[in-house]
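Please load the model in your viewer and keep the selection panel at hand. The tour below goes from one selection to the next and says what is found at each stop.

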Amino acid sequence: MSDDKPSDARADGPSPDPSGSPSSEPEVFIHPTSEVSDEASVGAGTAIWNWSRIREGAVVGRNVNIGQQVYIDSNVRIGDDCKIQNSVNLYDGLTVGDRVFIGPAVTFTNDLHPRATGDWDITPTTVHDGASIGANATIVCGVTLAAGCMIGAGSVVTKDVAPNTLVVGNPARPIAIIDEHGNRTAAADPAQDPS
Ligand SMILES: CC(C)(COP(=O)(O)OP(=O)(O)OC[C@H]1O[C@@H](n2cnc3c(N)ncnc32)[C@H](O)[C@@H]1OP(=O)(O)O)[C@@H](O)C(=O)NCCC(=O)NCCS
């Protein structure tokens with residue numbers, strides 16, 4: 001862990017700052033069933049719930065809520081104020097911005113042509129600030145999910161997603177432009193359809 005993590009991280013849930021001092025940081029909560037590498041960095045106010053694992057070199061920002069059975073691989077970078085729901089796997093090569101929502105059982109990938117033998121060939125993926133990814137979506141590696149976009153539940157994303165754009169389906173296609181609350185403001189711009 002980095003110096004970001006107080007040595008007295010509580011096992012009974014996040015708690016408000018008892019001193020009320022503006023200079024003291026909120027605690028990191030790590031459920032006792034979870035495993036966080038000493039070589040990972042976890043920001044103040046982040047909570048890591050049951051049976052999750054954070055590997056060496058991972059960087060998790062401040063006030064991130066990490067659910068049950070979440071795996072965060074080596075070198076993954078996650079920004080501040082994100083919500084990562086249960087049973088999510090985040091693999092090496094992934095960078096996530098601030099205020100990103102990752103729904104239950106979302107699957108990221110990091111090798112476009114995987115084989116059981118030989119080396120991994122990692123293809124990076126980037127998720128920008130304010131993006132939301134619906135439950136059980138699959139994000140094929142090498143794509144960029146732009147700021148404020150939304151991925152429908154169960155979608156398979158194979159191409160970049162434009163800012164503030166809602167995509168659904170397999171393969172995922174743009175269906176609308178959305179505002180910061182996820183409400184539709186216009187039909188999708190056909191020029192943004194990567195098909
Ligand atoms: C994509 C989503 C945001 C669209 O919601 P919406 O704007 O209310 O859209 P609608 O329900 O009016 O559906 C519009 C069309 O898209 C289709 N659609 C909606 N969600 C879809 C999805 N995930 N995959 C494929 N098609 C979808 C609908 O069938 C409908 O098709 P039609 O026009 O042919 O009838 C929503 O369905 C969704 O998937 N939300 C994510 C939920 C989630 O995973 N939450 C995680 C926390 S529990």
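How many other C-beta atoms lie within 10 Å of Ser87, and is this residue buried, exposed or partly exposed? In this predicted model, Ser87 has 19 other C-beta atoms within 10 Å; because a residue counts as buried at 20 or more and as exposed at 12 or fewer, Ser87 is classed as partly exposed. To find Ser87, select the loop between strand S10 (83-84) and strand S11 (89-90), and then check its backbone, where phi is near 65 degrees, a positive value in a residue other than glycine. Most residues other than glycine have a negative phi.

Next, select Ala105, which sits in the loop between strand S13 (101-102) and strand S14 (107-108). Ala105 is not a glycine either, yet has a positive phi of about 60 degrees, and with 17 other C-beta atoms within 10 Å Ala105 is partly exposed.

For another backbone feature, go to the peptide bond between Asn170 and Pro171, which is cis, with omega about -5 degrees. Pro171 belongs to the loop between S21 and strand S22 (173-178).

Now colour the open sheet of 10 strands, whose pairing is mixed and whose order is S1-S4-S7-S10-S13-S16-S19-S21-S22-S23. At its edges stand S1 and strand S23 (184-187), each with a single partner strand, so that one side of each has no neighbour in the sheet. Within the sheet, zoom in on strand S16 (residues 132-133) and S19, which run parallel and are joined by two bridges; Ser132 has Met150 of S19 as its bridge partner.

Selecting Val161 shows how it is packed in: leaving aside residues up to four places away in sequence, Val161 touches Leu145, Ala146, Cys149, Ile151 and Val167. In soluble globular proteins, nonpolar side chains tend to be buried together.

Finally, select the ligand and the 13 residues around it, of which Gly103, Gly134, Ala135, Gly152 and Ala153 come nearest. If you colour this shell by class, six residues are nonpolar, six are polar and one is charged.

Notes: Residues numbered from 1 in each chain as written. Predicted model: local features only at pLDDT ≥ 70, side-chain atom pairs only at ≥ 80, totals over all residues. Contact = placed C-beta atoms within 7 Å. Near = placed C-beta within 6 Å. Nonpolar A, V, L, I, M, F, W, Y, C, P; charged D, E, K, R; others polar. Helix = DSSP H or I, 4+ residues; strand = E, 2+ residues; numbered from the N terminus. Pairing = 2+ DSSP bridges.
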